[in-house]
Amino acid sequence: MSESYSINLYFCPLTIKACDSQASELLKSWLPEDELIKVDRYIKQEAKAQGLMVRGYLRGILSRHSDLLPNEWCFEYGDKGKPRLTDAQFEQTGIDFNLSHSGAWLLVGICVPKTANNELDAVEFGVDIERCRSTTNIHSILSHYFSEPEKRALLALPEALQRDRFFDLWALKESYIKAKGLGLALSLKSFAFDFSTAVKSSLPLQLGQSDSPQAVIKPVGIELNSQIQLNLLNDNQIDEPVLGQKSEDGISAAENWQCVLGHLDEDYRFAVSVGGCDKLNLNAKQMNLNELLTVYR
């Protein structure tokens with residue numbers, strides 16, 4: 001039975017200067033030995049700080065949705081490396097999560113059922129954030145990784161709009177692949193996103209706390225496209241049933257998938273794909289590292 005879910009999106013700036021020695025020590029105290037070893041493997045100091053921040057943000061944000069402390073979270077990994085809570089902690093909290101980072105931003109997505117259900121199964125949930133890069137040769141990538149319907153729709157756009165559509169599609173495709181948890185075992189040509197069904201709206205983004213206690217926090221609107229249609233092609237390269245009503249051209253609409261695309265600003269866009277639900281509610285907040293750490297200092 002499909003359920004209604006609340007999706008909480010946290011946009012976290014990876015500002016290295018915010019990770020000073022005090023913050024670094026606190027974040028390290030949250031991590032188990034295996035994660036500390038992974039962070040220490042980075043050669044460049046900037047990469048180490050960023051790796052520490054990514055792991056710290058995830059643990060601190062998870063604790064905003066549970067009574068568990070940041071150092072108490074335990075993760076397992078799928079065959080293709082997708083992280084998830086252990087069965088015991090999922091049963092305790094009902095939380096699914098996913099994360100993605102690109103350039104200066106980390107996106108952490110927290111998926112929580114809106115009604116308590118001890119027997120609730122994990123949904124298929126993935127998020128992605130992408131920075132639009134002017135140096136990417138989009139046309140050489142189109143033929144290798146995009147389905148024919150996506151290519152036709154993109155190339156039908158004015159040339160000035162094609163690059164933005166490319167990165168929009170890339171974010172959506174990454175979010176779907178991450179939701180499935182199959183990595184590149186899932187052919188990028190085996191599914192397609194159709195923007196003709198998209199509904200435009202604005203998603204309020206709650207800004208992080210200011211250093212000034214008198215400051216008034218005002219939400220900022222994010223351009224959002226929801227109800228983007230996910231279609232499955234009949235020439236799938238994996239053993240996955242094609243769901244939905246088949247059409248004569250070999251394309252079938254995927255059932256119970258919610259796919260949305262948003263633009264954080266001119267350079268960054270993000271996507272969310274959720275399978276196994278018929279309704280979801282999105283909330284967005286910019287989470288600064290200092291705001292998060294203040295709670296646990």
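**Sheet and pocket**

Author: Bear in mind that this is a predicted model. Within it, Leu 232 has Ser 252 in S11 as its bridge partner.

Reader: And how many bridges pair strand S10 with S11, and in which sense?

Author: Strand S10, which covers residues 229-233, pairs with S11 over three bridges, and the sense of that pairing is antiparallel.

Reader: Which helices pack on the sheet?

Author: Helix H6 (residues 148-155) packs on the sheet and touches S7, S10 and S11, with its direction at about 35 degrees to that of S7. H7 also packs on the sheet, touching S7 and S10, and its direction makes about 130 degrees with that of S7.

Reader: What is the strand order, and why is one side of S7 and of S11 left without a neighbour?

Author: The three strands form an open sheet in the order S7-S10-S11, with antiparallel pairing. Strand S7 (191-194) and strand S11 (251-253) stand at the edges and each has a single partner strand, so one side of each has no neighbour in the sheet. From one strand to the next, the twist averages 35 degrees.

Reader: Switching to the largest pocket, how much space lies in it, and which residues lie nearest its centre?

Author: The largest pocket holds about 440 Å³ of space. Its lining has 21 residues, and those nearest the centre are Val 54, Tyr 77, Gly 81, Pro 83 and Leu 99.

Reader: Which element gives the largest share of that lining, and what classes are there?

Author: The largest share, five residues, comes from S4. By class, the lining has eight nonpolar, six polar and seven charged residues.

Definitions and conventions: Residues are numbered from 1 along each chain as its sequence is written. This is a predicted model: local features need pLDDT of at least 70, side-chain atom pairs count only at pLDDT 80 or more; totals for chains, interfaces and linings use all residues. Side-chain values use heavy atoms; hydrogens and water are left out. On a 1 Å grid over the protein atoms alone, a cavity is a set of points where a 1.4 Å probe fits but cannot get out, and a pocket is an open set with protein on both sides within 12 Å along at least five of seven lines; lining residues have an atom within 4 Å of a point. Grid points are joined across faces, edges and corners, and a volume is the space filled by probe spheres set on the points. Helices (H or I, at least four residues) and strands (E, at least two) are DSSP runs, numbered from the N terminus. Ala, Val, Leu, Ile, Met, Phe, Trp, Tyr, Cys and Pro count as nonpolar, Asp, Glu, Lys and Arg as charged, and the others, Gly among them, as polar. Two strands pair if DSSP finds at least two bridges between them. Axes are lines fitted to C-alpha atoms, for helices over the stretch in contact, and angles run from 0 to 180 degrees between N-to-C directions. Contact means heavy atoms within 4.5 Å.
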